[in-house]
Amino acid sequence: MNVKKMFAFMLLFFGIVSLVVGVGQINKGVTPNTCVVSFAKSLGGKASFELDQSTQKAKSRGIVGVSVGVIFSLAGGVLLLKSRK
């Protein structure tokens, strides 16, 4: 197998894995159930702030993961198509 094809498949693989992880992080960043939110708000400022921060971090990590996954997948696809010619 050609080195370019192997590199293209590796980029595609890492891109797909990154997409799956990014979507998982976005789903993890969904606001938890109302019981947890109510309990955190009843504890006061620090607990409520930590809950908001963890949710926001998960969403931003998910967006970065999806973006990197799309870039790697596109680069791998382009390299794979170029190596077929």
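Helices (H or I, at least four residues) and strands (E, at least two) are DSSP runs, numbered from the N terminus. Welcome to a predicted model, in which local features need pLDDT of at least 70, side-chain atom pairs count only at pLDDT 80 or more, and totals for chains, interfaces and linings use all residues. Residues are numbered from 1 along each chain as its sequence is written, and side-chain values use heavy atoms, with hydrogens and water left out.

**View 1. The protein runs α-α-α from its N terminus.** You will find three helices and zero strands here. Of the 85 residues, 22% are buried, where buried means under 20% relative accessible area, exposed means over 50%, and partly exposed lies in between (1.4 Å probe, protein chains only). The protein exposes about 6200 Å², with 70% supplied by carbon and sulfur atoms; accessible areas come from the Shrake-Rupley method with a 1.4 Å probe, and for residues only the protein chains shown count as cover. Contact means heavy atoms within 4.5 Å. Among contacts between residues at least 6 apart in sequence, 83% join residues at least 24 apart.

**View 2. Helix 1 has 26 residues.** Its end C-alpha atoms are 37 Å apart, which agrees with the 38 Å that it should span at 1.5 Å a residue; the expected span is 1.5 Å times one less than the number of residues. Ala-8, Leu-11, Gly-15, Ser-18 and Gly-22 are the buried residues to look for in helix 1. An α-helix has 3.6 residues a turn, so residues three or four places apart point the same way.

**View 3. Ser-18 sits in helix 1.** Ser-18 counts as buried because its relative accessibility is 16%. Leaving out residues up to four places away in sequence, Ser-18 touches Gly-65, Val-66, Val-68 and Gly-69. A polar atom of the Ser-18 side chain lies 3.5 Å from the backbone nitrogen of Gly-69.

**View 4. A nonpolar surface patch covers about 890 Å².** Its members are Phe-7, Met-10, Phe-13, Phe-14, Val-17, Val-21, Val-64, Val-68, Ile-71 and Phe-72. Like charges are joined within 9 Å, and nonpolar side chains (Val, Leu, Ile, Met, Phe, Trp, Tyr) within 5 Å. Helix 1 (3–28) and helix 3 (45–84) each supply at least two of the patch residues, and the largest share, six residues, comes from helix 1.

**View 5. Phe-72 belongs to helix 3.** Phe-72 is partly exposed because its relative accessible area is 32%. Phe-72 is also one of the residues that make the nonpolar patch.

Definitions and conventions
Patch = residues over 30% accessible without salt bridge, like charges linked within 9 Å, V, L, I, M, F, W, Y side chains within 5 Å. Salt bridge = Lys/Arg side-chain N within 4 Å of Asp/Glu carboxyl O. Polar contact = N/O pair within 3.5 Å; in protein donor to acceptor, adjacent residues only side chain to side chain.
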